[in-house]
Amino acid sequence: MDIKTIGVVGAGQMGNGIAHVMALAGYEVLLNDIDADALEKAVALIDKNLERQVSRDKISAEDKAAALARISTTLELTELGATDLVIEAATEREEIKQKIFDTLLPHLQPHTILTSNTSSISITRLASRTDRPEKFMGFHFMNPVPVMQLVELIRGIATDRETYDACLAVVEKLGKTAASAEDFPAFIVNRILMPMINEAVYTLYEGVGSVQSIDQSMKLGANHPMGPLELADFIGLDTCLAIMNVLHDGLADTKYRPCPLLTKYVEAGWLGRKAGRGFYDYRGETPVPTR
Ligand code: CAA
C-alpha cells in the first residue's frame, strides 16, 4: 500500500516532531490539535528546528521551504479521515486516545491505517475498540524526533502483515531504523529506560548521590548523552511516572514500583523542563539542581 498523506493528532512535543520528519521525507501532513494556539506554536517550532538543520548543512533552504509547504493544520479532527495513515500523538491518557479514535472512525477511508505513538498503552486493547484491529498498530517515536534514529513498531495481536510492512516502508523513507516490538507493557525502549530512570530517583531518594553526582556519574561513567535525572526532566516526570505505573500494573512485579520521590515531584507539579522545574530548576539562566 502506497502512503502519501499522513494525519497527526496532537501538536505537542511528539506531534510536532512527527509532522516535521514526515514533511521533510515528502509526505503531505495534516496536523490536528484542539487548541489553535498549540497549532501555531507547533508550526513555529517546526520552522525553528528545520532552520537548525539548514544552519548545520543537514538540509537545504529549499528542503525546508518544501517541508513547511507540505504541512497543513486543522482544528477539525474528522478532516484527518481523508489521509492514508493517522498517527495519534495526543496526551498519554487512554480515555483521551479512546475518544479521539471514536470521533475519527466514522470518517476514515476503508484503507486508512490507524496508529498510536503511545509509549506504553496496550496496542491490542486500543485496537480492539476500533473497526480495524488488523489495520491498527503502535508507531512509537523517540524525543527529539528529528534527531533520534529509532522508531518502535508494535504489532497488536490482530495487526496484519500488510499494515506492518506499510509502516515499515514509512520508517525507511524517513531514513530511520525500526525496531519491531511485541505488545507487552512499555514495549522495548521504555521497559529498559524507565526502570533505570526510576532507579536513579531511588538513588537520590536514599541519599546515595545528589542530582548532580547521579547525572555526572551516568554521563561520564556510562557515556550517556544526558544524565538520567536530566533525561527524566526532558521526557516529563508525569510521563515517566505513568509509564512506571503501566509496568507495575501490567507486569505485577514489585521491581517496577515507582519511587515515592518521583510521585512527590509529580504531585508538586514539578514535571520537568516543560513546567520550568523538575529535578532541575530551569527558570534562571542555567539549570540548577532542586536537591
Ligand atoms: N530538531 C532538529 N534538530 C535538533 C533538535 C530538534 N528538535 N534537537 C537537537 N537537534 C540537533 C542539533 O541541531 C544538533 O545537530 P548537529 O549534531 O548537527 O550539531 C544535534 O541535534 C545535537 O543537539 P545539541 O548540540 O543542541 O545538543 P546535544 O549534543 O546536547 O544533544 C540531544 C541533544 C540529542 C537531545 C542529546 O542530549 C540526547 O541524545 N539525549 C538523550 C535523548 C534520549 O534519550 N531520548 C529518548 C527519550 S525516551 C523517549 O523518547 C521514549 C518515550 O516514550 C518517553
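How many bridges join strand 6 to strand 7, and do the two run parallel or antiparallel? Select residues 136–141 for strand 6 and 150–155 for strand 7: five bridges join them, and they run antiparallel. Strands here are DSSP runs (E, at least two residues), just as helices are DSSP runs (H or I, at least four), and both are numbered from the N terminus.

A quick word on what you're looking at: this is a predicted model, where local features need pLDDT of at least 70, side-chain atom pairs count only at pLDDT 80 or more, and totals for chains, interfaces and linings use all residues. Residues are numbered from 1 along each chain as its sequence is written, and side-chain values use heavy atoms, leaving out hydrogens and water.

Now click Phe 139, and you'll find its bridge partner Leu 153 in strand 7. Look for Arg 155 opposite Glu 182 of strand 8. To get from strand 7 to strand 8, trace the chain through helix 6, residues 161–173: this β-α-β crossover is right-handed (with the strands pointing away from you, the path from the first strand over the helix to the second runs clockwise).

Zoom out. Eight strands make an open, mixed sheet in the order 3-2-1-4-5-6-7-8, where strands count as paired if DSSP finds at least two bridges between them. Strand 3 (71–74) and strand 8 are the edges, each pairing on one side only.

Last stop: select residues 5–9 and 28–32, strands 1 and 2, a parallel pair with five bridges. There, Ile 6 has Val 29 as its bridge partner.
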